[in-house]
Number of protein chains: 2
Amino acid sequence: MSRELTIRAIEGIPEIRPGADLAGVIATAAADDHLPLADGDVVVVTQKIVSKAENRLVAVDPDDPLSHKALVDDESVRVLRRRGQLVISETSHGFVCANAGVDLSNVEVGYAALLPEDSDRSARRIRDGIRARAGVEVAVIVSDTFGRPWRRGLTDVAIGCAGIGAILDHRGQHDTQGRELLVTEVAVVDELASAADLVLGKATGCPVAVIRGVDPSWLRRGEVRSELVRPASEDLFR
Amino acid sequence: MSRELTIRAIEGIPEIRPGADLAGVIATAAADDHLPLADGDVVVVTQKIVSKAENRLVAVDPDDPLSHKALVDDESVRVLRRRGQLVISETSHGFVCANAGVDLSNVEVGYAALLPEDSDRSARRIRDGIRARAGVEVAVIVSDTFGRPWRRGLTDVAIGCAGIGAILDHRGQHDTQGRELLVTEVAVVDELASAADLVLGKATGCPVAVIRGVDPSWLRRGEVRSELVRPASEDLFR
């Protein structure tokens with residue numbers, strides 16, 4: 001277990017356009033911001049710039065709420081709850097979130113951003129690109145801001161990852177009393193996404209943070225979709 | 001918005017007994033660990049040692065699962081789901097979690113730990129104690145490990161806080177395009193609790209972390225119970 005972590009926002013990331021080389025942009029901005037990426041860093045990239053780089057932008061009529069609603073319906077495979085303008089639905093990726101992740105904020109007026117088609121693949125591409133451009137092995141997490149039942153407020157969670165296990169599995173470990181641990185699976189990529197959000201303001205638009213010092217044993221092949229998304233069949237609330 | 005945070009586990013916290021002066025123990029251990037507490041630090045304390053200090057330990061028969069089950073039923077005001085040994089229920093505090101927060105791990109065999117009666121009050125006491133003993137104004141978060149629907153794995157969340165707002169409210173702020181933000185309420189104390197868990201191993205029993213560098217504007221009077229716990233009446237999943 002690592003005893004100390006630092007979390008830092010990378011400043012100077014420009015507005016991202018479709019087709020942008022995100023890995024190159026991030027590696028350059030980090031170096032220019034006096035924090036060149038290093039082996040073992042966890043780079044947390046917010047979903048919005050990934051969706052922009054992957055051209056997941058769709059035109060909407062800003063004066064017609066039905067235009068946004070139609071998109072949300074398109075992106076939903078199952079609607080769990082509907083109240084007023086708010087839809088809680090399951091996306092094709094298996095995420096359960098508000099409005100199927102279709103988001104208007106920090107996107108050019110007249111457009112909405114959809115979630116990346118496959119955020120784990122997006123994370124792998126960024127990780128591979130950073131290796132190619134900066135010669136370092138980092139882990140990458142793509143994060144988004146989700147609500148949850150029972151508690152007010154939103155937190156950032158991981159929707160994709162690469163180079164890090166989504167879940168830290170304590171099965172078989174024992175507590176200080178020698179008893180087998182009951183808490184066996186920790187969603188570390190969600191905790192890392194939340195930690196990164198603490199330095200990324202929603203209003204400032206700063207989209208990338210670097211977390212340094214994570215336990216090297218966490219850095220392995222990993223995926224949100226297969227490890228962290230809970231299938232409806234084992235979910236008590238679907 | 002703060003650009004950089006550090007998170008560090010405090011080592012050397014001894015086994016906590018009922019009646020222990022937690023604030024004194026934490027302040028001393030931090031100083032001995034070359035990290036004397038400073039104004040503006042956020043001290044994250046895991047629930048287990050708070051429950052121990054407050055003598056929220058109850059005898060259970062380790063060979064009789066019904067003994068644990070009876071406690072869980074006692075601590076639940078509403079059962080949401082039951083599957084095998086697992087109960088998801090609402091506690092008197094309004095938390096929805098597994099087994100009403102009744103926990104056997106890292107507790108002496110033959111005992112279970114209940115949640116603190118009022119974790120916000122616990123946090124206030126620790127904060128006041130640290131001010132009295134070390135002369136510094138810190139924020140305190142009491143954290144626990146909860147599951148959630150739809151996603152596998154557990155994350156640490158805040159069950160009490162003092163000296164920090166539970167929710168960061170962005171209402172009225174605008175995005176980089178000048179549009180009013182849709183994401184308005186961030187559960188920063190949950191994000192801080194998750195961040196702290198990254199340096200606190202479940203197996204090692206290290207129970208306290210210090211987060212340094214949070215935005216000073218977050219440090220205000222705050223409470224989990226009134227700000228962050230969602231009343232059943234406004235919850236779409238109860």
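Trainee: What percentage of the 238 residues of chain A count as buried?

Mentor: This is a predicted model, in which local features need pLDDT of at least 70 and side-chain atom pairs count only at pLDDT 80 or more, while totals for chains, interfaces and linings use all residues. Residues are numbered from 1 along each chain as its sequence is written, with chains lettered from A and ligands numbered from 1 in the order in which they are written. A residue is buried if 20 or more other C-beta atoms, placed from the backbone, lie within 10 Å of its own. For chain A, the share that counts as buried is 50%.

Trainee: Why is chain A called as compact as a globular protein of its length?

Mentor: Helices (H or I, at least four residues) and strands (E, at least two) are DSSP runs, numbered from the N terminus, and chain A has six helices and 12 strands. The globule rule is 2.2 Å times the number of residues to the power 0.38, and the radius of gyration is taken over C-alpha atoms. The rule gives 18 Å for 238 residues, so chain A is as compact as such a globular protein because its radius of gyration is close to that, at 18 Å.

Trainee: Which element gives the largest share of the side of chain A that touches chain B?

Mentor: Residues are in contact if their C-beta atoms, placed from the backbone, lie within 7 Å, and 63 residues of chain A are in contact with 62 of chain B. Strand S1 (4–9), strand S4 (76–83), strand S11 (185–186) and helix H5 (188–197) of chain A each supply at least two residues of that side. The largest share, seven residues, comes from H5(A).

Trainee: Which residues of helix H1 (residues 22–32) of chain A are buried?

Mentor: Their cover includes strand S2 (42–46), helix H2 (47–53), helix H4 (119–134) and strand S12 (208–212) of chain A. The buried residues of H1(A) are Leu22(A), Ala23(A), Val25(A), Ile26(A), Ala27(A) and Ala30(A).

Key:
Buried ≥ 20, exposed ≤ 12 C-beta atoms within 10 Å, placed from the backbone. Contact = placed C-beta atoms within 7 Å.
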